[in-house]
Amino acid sequence: MRERFQSSRLLLALAAILFIQIFYRLGGLGLTGPDEPRYAQVAREMVDSADWITPRLHGKPWFEKPILYYWLAALGYLAFGVSEFAARLGSALAGAAGACAVFWVARRVWDAQVGFWSVCVLLTSMLYFALSRAASMDALLTGTLTVALCSLALMLAEEKSPSESRTRGGDSWAWVLLYLSLGLSTLAKGPVGVLLIGTTLLLTVLLSGCWRFLKRASILKGGLLYLVVAVPWFWLCYRSNGQVFVEEFLWQHNLERFTTDRYQHAQPFWFYVPVLLIGFLPWSFQLISAGWERVRRRFRFEQKEDRVELLLWVWLGVALLFFSVSKSKLPGYILPVAPAVAILVGRHVSALMGRSPTVDLAMPGRIVVLQGITLAVAGGLLPFQAERFTWDVGSTVWIFSVLLVTGGAAGVILGMRRRFRALVLTYVACVVVLTLLVTWRLFPRLGPSVSARELAGFVAGQGYSGQPLLVLGVPRSTQYGLDFYLNTESRIVYSTDDIRRFQDREVLLVSQEDDPRLKALTPEGHRHSAVHRRFRVIRFVPH
């Protein structure tokens, strides 16, 4: 009864953290960047056209990404109406599914304590919960690959040694989840997931010598299940659109994105090392500590814990190397390493809390002190960098500074005393409080600066009712945001002729207020001009 009560408390605590980190005020911030509004608009046009096969943007086929996100967002629109919440709900559910999979495998391979701390690490890693709140494909790919990796880990943990029975364990159905989630990962972002999982599996088998596992991994049946899930949409989309679908999706947005800098996202080879360290704060230092501990001890592959841990380290290395080799790099691409980071760190901090005799406490203590100093220094410097922000952060920056300094100081003190449980609880609490502050206090301030939602409302108030919308010198994120919130396709102005071609009808122009080209490009005859923050909205009427 006592164990059941403790398990219930753990689950309730995880549910609360999950809600705050991923679902709380999910639609509180308007759609940001160039991608969120574009993807959300494609899903809206899917609902409007009732065509669930060919994604379209402004009526034209749009093959930049596969279909899974658009399906989920379109279903969200049908259930909740067109909104930021509905557009982001698929990513949030994928983030929640990843958290459930991490708890599931960590509890089965180790225990509920490891499962609890692993999920805490996952949900409070900055990159994970931030992208789980975004209307994009990164969280969907990561969620499906997390389920796949955890299923593979459980299958590997259940693999018997040669001296044991070869009867498959009670989790034989894990292979179904493995190949089902791989199929969904292909619908989320293409074949990259299959390549990563396949390479990780082969390297793990090679390093552990567990070759018999390949014979029992249900590859034939699983491959058929994968094809049943992944192939139908690709085939139907190809039948509807022909060779242009293959050229745009497979060649341009997969092979060329990986092998060239066509989309201008070039970064140095080592780009993902700092992204990993920063994106998974405050747990990056604990990952270093866990790696040091693994180097100190040797794997014993007859133990299921060692086989699973090897799989996780290989996954981390394969994903890091794969995305580092790619010519096109964005921070979100590295997100699939999240489940490995979470479980490796969760297991390590759980062992530190239990003061396991096999764990050397000296090195983790020094690393924790170094981490605390780093956080405290960053927090102390933050207010002096506030003027560099282009966003209206107001007094919130001081609150962030206090939390960072407090968390860092606590890390130094608790690390020196080797009070690891108190340390981890402090970091979890600080991140959760930060999330609450950002969603409750910072979202209203950030919204006008990072989203076009408020500007679109202002444009509508200036008489917009479906007229042609022209933009001059505005960022891509603002243009695409206006397109979504006004449900239109704006046109970029390059010359006065771009305005005069609409001389027989009313048009609206949105530009930067201080754009030096505005006067030269603006003909006589506009009836109304208004300024909203840094943008000017001009309405032209026929002569």
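Here are some questions and answers about this predicted model.

Me: Before we start, what should I know about the numbering and the model?
Reply: Residues are numbered from 1 along each chain as its sequence is written, and side-chain values use heavy atoms, with hydrogens and water left out. This is a predicted model, where local features need pLDDT of at least 70, side-chain atom pairs count only at pLDDT 80 or more, and totals for chains, interfaces and linings use all residues.

Me: Happy with that! What share of the chain's residues count as buried?
Reply: Buried means under 20% relative accessible area, exposed means over 50%, and partly exposed lies in between (1.4 Å probe, protein chains only). The chain has 543 residues. The share of them that counts as buried is 54%.

Me: How many helices and strands are there in the chain?
Reply: Helices (H or I, at least four residues) and strands (E, at least two) are DSSP runs, numbered from the N terminus. By that rule the chain has 23 helices and seven strands.

Me: Is R88 buried or exposed?
Reply: R88 is found in helix α4, which covers residues 84–109. Its relative accessible area is 3%. R88 is therefore buried.

Me: Which residue forms a salt bridge with R88?
Reply: A salt bridge is a side-chain nitrogen of Lys or Arg within 4 Å of a carboxyl oxygen of Asp or Glu. For R88 the closest N and O atoms of the pair are 2.9 Å apart. The pair links distant parts of the chain, 52 residues apart, with R88 in helix α4 and its partner in helix α2 (residues 35–49). That partner is E36.

Me: At what relative accessibility does E36 count as buried?
Reply: E36 is among the residues in contact (heavy atoms within 4.5 Å) with R88, leaving aside neighbours of R88 within four places in sequence. Others in contact with R88 include L26, T32 and S132. E36 counts as buried at a relative accessibility of 6%.

Me: How far apart are the closest N and O atoms in the salt bridge of R56 with D51?
Reply: R56 is partly exposed, with a relative accessible area of 25%. R56 forms its salt bridge with D51, and the closest N and O atoms are apart by 2.5 Å.

Me: Where does R539 lie, given its salt bridge with E506?
Reply: The closest N and O atoms of R539 and E506 are 4.0 Å apart. E506 lies in the loop between α22 (496–500) and β5 (507–512), so the pair ties together parts that are 33 residues apart in sequence. R539 counts as buried at 16% relative accessibility. R539 lies in strand β7, residues 535–540.

Me: Which residues is G463 in contact with, leaving aside its neighbours within four places in sequence?
Reply: G463 lies in the loop between α20 (453–461) and β3 (469–472). At 28% relative accessibility, G463 counts as partly exposed. The contacts of G463, with those neighbours left aside, are E506 and R539.

Me: How many residues of α7 are buried?
Reply: Helix α7 (residues 138–158) reaches 30 Å from its first C-alpha to its last. That is close to the 30 Å expected at 1.5 Å a residue, where the expected span is 1.5 Å times one less than the number of residues. The helix is mostly covered, and the buried residues number 20 of its 21.
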